[in-house]
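Visitor: I would like to learn how to read a model like this one, feature by feature. Could we look at it together?

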Amino acid sequence: EKLEEKGYDIDEIESEINTSCGYLASLTMEVMGQKFKGARDTMDWLTACARLIAAQGQPVAFISPIGVPVVQPYRQKRPFTVVTLLQNVVLTNDSDMLPVHRQRQVSAFPPNYVHSLDSSHMILTAIEMQKRELYFSAVHDSYWTHPCDIEEMNAILRESFINLYNQPLLQDLKKMWELRYPSIIFPDCPELGDLDLDDVRSAPYFFQ
């Protein structure tokens, strides 16, 4: 829109825009990898493991920290057409018997796993809020309660976070995969960083 406002013909320079966006995206990911090496290493490990599983023709499956079983549903859906007197209707066969969509199984797993950790943190916070008979509501990573209970909720969500991430999450994930996919040799888990999780208790901007 800004380019159009300056008089540029978007259709004429579309390829240049795509090339520039691709360059900026790769540059951003490179800098992020340097700045947050531990996070990048973890994402790369999750991706590598998912690729090994998908290569066996299996969907990536795991159990979240709160015990919820997850099986990624991405398969090679096959559309087919039903011809009627009035119209042609295109339907999709999404049976679990279809071959897995390997690319989607791989690319979707790291964000799906991270979302499962976020949701586990939310549930753990909600459970503790209920135990204390406090009101709690949430949408993804936005937590709400009455103003008079915010300070207590802030303490609860920090303790829940510490308790969650003190668990050997990646090691447990690898052990579960080794049982579920015994023919696959998974790479070693990334090394832990030096973050002291207890610092979360006093971090004012950890969760707003």
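Visitor: Leaving aside neighbours within four places in sequence, which residues is A61 in contact with?

Guide: Contact here means heavy atoms within 4.5 Å. By that rule, and with neighbours within four places in sequence left aside, A61 is in contact with V70, V71, M176, W177, R180 and Y181. Before we go on, please note that this is a predicted model, in which local features need pLDDT of at least 70 and side-chain atom pairs count only at pLDDT 80 or more, while totals for chains, interfaces and linings use all residues. Residues are numbered from 1 along each chain as its sequence is written, and side-chain values use heavy atoms, with hydrogens and water left out.

Visitor: Is A61 buried or exposed?

Guide: The general idea is a scale of relative accessible area, on which buried means under 20%, exposed over 50% and partly exposed in between, with a 1.4 Å probe and protein chains only. A61, whose place is in strand 1, has a relative accessible area of 2% and is therefore buried. For the chain, buried residues make up 27% of the 208 residues.

Visitor: How many helices and strands does the chain have?

Guide: Helices (H or I, at least four residues) and strands (E, at least two) are DSSP runs, numbered from the N terminus. The chain has six helices and six strands, and along the sequence they follow the pattern α-α-α-β-β-β-β-α-β-β-α-α. The radius of gyration is 23 Å, well over the 17 Å that the globule rule gives for 208 residues, so the chain is more spread out than a compact globule. That radius is taken over C-alpha atoms, and the rule is 2.2 Å times the number of residues to the power 0.38. Along its principal axes, the C-alpha trace spans about 60 × 55 × 45 Å.

Visitor: Which residues have the most contacts inside the largest nonpolar core?

Guide: A nonpolar core is a set of buried Ala, Val, Leu, Ile, Met, Phe, Trp, Tyr and Cys residues joined through side-chain atoms within 4.5 Å. The largest has 20 residues, and those with the most contacts inside it are W45, F109, Y113, L173 and W177. Two or more residues each come from helix 3 (37-55), strand 1 (61-63), helix 4 (102-131) and helix 6 (169-180), with helix 3 giving the largest share, five residues. Apart from this core lies another, of eight residues, among them L134, Y143, L157 and F207. As for F109, its contacts, leaving aside neighbours within four places in sequence, are L46, A50, V60, F62, Q72, L173 and W177.

Visitor: Where is the place of L52, and what does L52 touch?

Guide: L52 has its place in helix 3 and counts as partly exposed because its relative accessibility is 33%. Not counting residues up to four places away in sequence, L52 touches I184, I185, F186 and P187. Sequence separation and distance in space can be read side by side: L52 and H101 are 49 residues apart in sequence and 13 Å apart, C-alpha to C-alpha, while the C-alpha atoms of A61 and S20, 41 residues apart along the chain, are separated by 37 Å.

Visitor: What is the phi of E133?

Guide: Most residues other than glycine have a negative phi. In E133, however, phi is near 60°, a positive value in a residue other than glycine. E133 is found in the loop between helix 4 and strand 5 (137-139), and counts as exposed because its relative accessibility is 74%.
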